[in-house]
Amino acid sequence: MTPPKNPHPAAPVLDGTDRAILEALSADGRMTNAALAARVGIAESTCASRVKALRESGVIAGISARIDPAAVGRPIQAVVRVHLASHNRAHVNELFDRLVAIPGALSVIHVAGDDDFVLLVAVPSPQRLRDLILEHITIHPAVTKTETQLVFEVRDGAGVLGPL
């Protein structure tokens, strides 16, 4: 996913209408502007300008299709934890770029703590999982260790729109 366009570290203030738009688009990103405006109870022109402002501020970072990995021949998902020996910024950035380019990488997260990266991957077989790790991850000179966990089930969380 492309990083948000919002260069400002402070989150924009969202009112009830913005939140209603975001909730509706989270449920159905293919909703037309007319349907979205009707659902939120605002004029279509107002809705279009609100959505545009949410995109430009980086609140809406993108809208994409969710693809079932098993339906496209990748029924095995795994979490791969990566440990580095070197935390040189150039090594970290270069490895990050390589990890996101791995075929089957669903998400790549740079983290603090015992792990340095956590990947969620989808592959067609246990052999391809092994190959993915050997051919794309452990060959990097900064990688000292990987740990792999098979994923049994994934469920969506509540998301970021609810109260904290």
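**View 1. Salt bridges across the predicted model.** A search of the whole structure finds 11 salt bridges, a salt bridge being a side-chain nitrogen of Lys or Arg within 4 Å of a carboxyl oxygen of Asp or Glu. This is a predicted model, in which local features need pLDDT of at least 70 and side-chain atom pairs count only at pLDDT 80 or more, while totals for chains, interfaces and linings use all residues. Residues are numbered from 1 along each chain as its sequence is written, and side-chain values use heavy atoms, with hydrogens and water left out.

**View 2. The salt bridge between Arg81 and Asp115.** The side chains of Arg81 and Asp115 meet in a salt bridge with an N to O distance of 3.0 Å. This pair links distant parts of the chain, 34 residues apart, since Arg81 is in strand β1 and Asp115 is in the loop between β2 and β3. Helices (H or I, at least four residues) and strands (E, at least two) are DSSP runs, numbered from the N terminus. Asp115 counts as buried because its relative accessibility is 12%; buried means under 20% relative accessible area, exposed means over 50%, and partly exposed lies in between, with a 1.4 Å probe and protein chains only.

View 3. Elsewhere, salt bridges that share partners join Arg81, Asp115, Lys145 and Glu147 into one network.

**View 4. The four-stranded sheet.** Four strands form an open sheet in the order β2-β3-β1-β4, and the pairing is antiparallel; two strands pair if DSSP finds at least two bridges between them. The edge strands, each pairing on one side only, are β2 (105–110) and β4 (143–151). From one strand to the next, the twist averages 20 degrees. Axes are lines fitted to C-alpha atoms, for helices over the stretch in contact, and angles run from 0 to 180 degrees between N-to-C directions. Across the sheet lies α4, which is placed over β1, β2, β3 and β4 and runs at about 160 degrees to β2.

**View 5. Strand β1 and its two partners.** Eight bridges join β1 to β4, and seven bridges join β1 to β3. The bridge partner of Val80 in β4 is Thr148, whereas Arg81 has Val118 as its bridge partner in β3. In a regular strand the side chains alternate between the two faces of the sheet.

View 6. Gln77 is found in strand β1, where Gln77 stands opposite Val151 in β4. At 17% relative accessibility, Gln77 counts as buried. Not counting residues up to four places away in sequence, Gln77 touches several residues, including Pro69, Leu106, Leu120 and Gln149, where contact means heavy atoms within 4.5 Å.

**View 7. The nonpolar cores.** A nonpolar core is a set of buried Ala, Val, Leu, Ile, Met, Phe, Trp, Tyr and Cys residues joined through side-chain atoms within 4.5 Å. The largest has 19 residues, and those with the most contacts inside it are Val82, Leu84, Leu99, Phe117, Leu119 and Ile137. Two or more residues of this core come from each of the elements β1 (76–84), α4 (89–100), β3 (117–123) and α5 (126–137). Leaving aside its neighbours within four places in sequence, Leu99 is in contact with Ala105, Val108, Phe117, Leu119 and Ile137. A second, separate core of 12 residues includes Ala24, Met31, Leu36 and Val51.

**View 8. Helix α5.** At 1.5 Å a residue, the 12 residues of α5 should span 16 Å, and the end C-alpha atoms of α5 are 16 Å apart, which agrees; the expected span of a helix is 1.5 Å times one less than its number of residues. The buried residues of α5 are Leu129, Asp131, Leu132, Ile133 and Ile137, and what covers them includes β1, α4, β3 and β4. Within this helix, Arg128 and Asp131 lie three residues apart, about one turn of the helix, and their side chains meet in a salt bridge (3.1 Å, N to O). Arg128 counts as partly exposed at 35% relative accessibility, whereas Asp131 is buried, with a relative accessible area of 17%.
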